[in-house]
Amino acid sequence: VSISMEDFNGMKGIDWDILIEEIFDKNDLLRKLELRLRTADDGDVKSIDPEFIKFVKCIEDHTTLEYFSIDFIHIKHNIKYPILFEALKKNRSIKNFKAQTERFDFETACAFAPIFINNQTLISLDILLYKNILDHQP
């Protein structure tokens, strides 16, 4: 399953109750989840969407999710990260974790560290840094 922040902003018209129900479907177990949190206006959001809270709770409680990938801008650009990271800290099924970003600095490392401190199931951790060439054109 691949989800972007545009989904939470209502642009795709997703019924989140149905999606959450499908995430916990016993006949089709979720094993891989990719989140793309890269919309520029997320940092300006003053409140958290109820749908996002429900979704994050699913990640926290999920028992078959083995692969989690997050593609994000920078930690301070989104007020949703602390809520998501708290859920990831509580999850005990993720074995493979991948983070993709343009900037992985000390602040980002400190935000991610609690996720992994007591994690007994993690097998692989991939951190991919990339440079957005569009930001550096004359």
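Buried here means under 20% relative accessible area. The structure shown in these views is a predicted model.

**View 1. Strand β3 is mostly covered.** The strand spans residues 67–72, and five of its six residues are buried.

**View 2. Strand β3 pairs with β2 and with β4.** Strand β2, residues 32–37, runs parallel to β3, and six bridges link the two. One of the residue pairs joins K32 to Y67, its bridge partner in β3. Strand β4, residues 96–101, also pairs with β3 in the parallel sense, over six bridges. Here S69 has K98 as its bridge partner in β4.

**View 3. The largest nonpolar core contains 28 residues.** F68, I70, L84 and F112 have the most contacts inside this core. At least two core residues come from each of α2 (16–23), β2, α3 (50–61), β3, α4 (81–90), β4 and α5 (106–117). In soluble globular proteins, nonpolar side chains tend to be buried together.

**View 4. Surroundings of F68, a residue of the largest nonpolar core.** Leaving aside residues up to four places away in sequence, F68 touches L33, L35, I59, L84, L88, I94, N96, F97 and K98. Among these contacts, L84 is also listed with F68 as having the most contacts inside the core.

**View 5. A nonpolar patch on the surface is formed by L125, I127 and L129.** Together these residues have about 270 Å² of accessible area. I127 belongs to strand β5, residues 124–129. With a relative accessible area of 42%, I127 is partly exposed. In a regular strand, side chains alternate between the two faces of the sheet.

Conventions: Residues numbered from 1 in each chain as written. Predicted model: local features only at pLDDT ≥ 70, side-chain atom pairs only at ≥ 80, totals over all residues. Heavy atoms only, no water. Patch = residues over 30% accessible without salt bridge, like charges linked within 9 Å, V, L, I, M, F, W, Y side chains within 5 Å. Areas by Shrake-Rupley, 256 points an atom, 1.4 Å probe, with all protein chains shown as cover. Salt bridge = Lys/Arg side-chain N within 4 Å of Asp/Glu carboxyl O. Helix = DSSP H or I, 4+ residues; strand = E, 2+ residues; numbered from the N terminus. Buried < 20%, exposed > 50% of the residue type's maximum accessible area, 1.4 Å probe, protein only. Pairing = 2+ DSSP bridges. Core = buried A, V, L, I, M, F, W, Y, C linked by side-chain atoms within 4.5 Å. Contact = heavy atoms within 4.5 Å.
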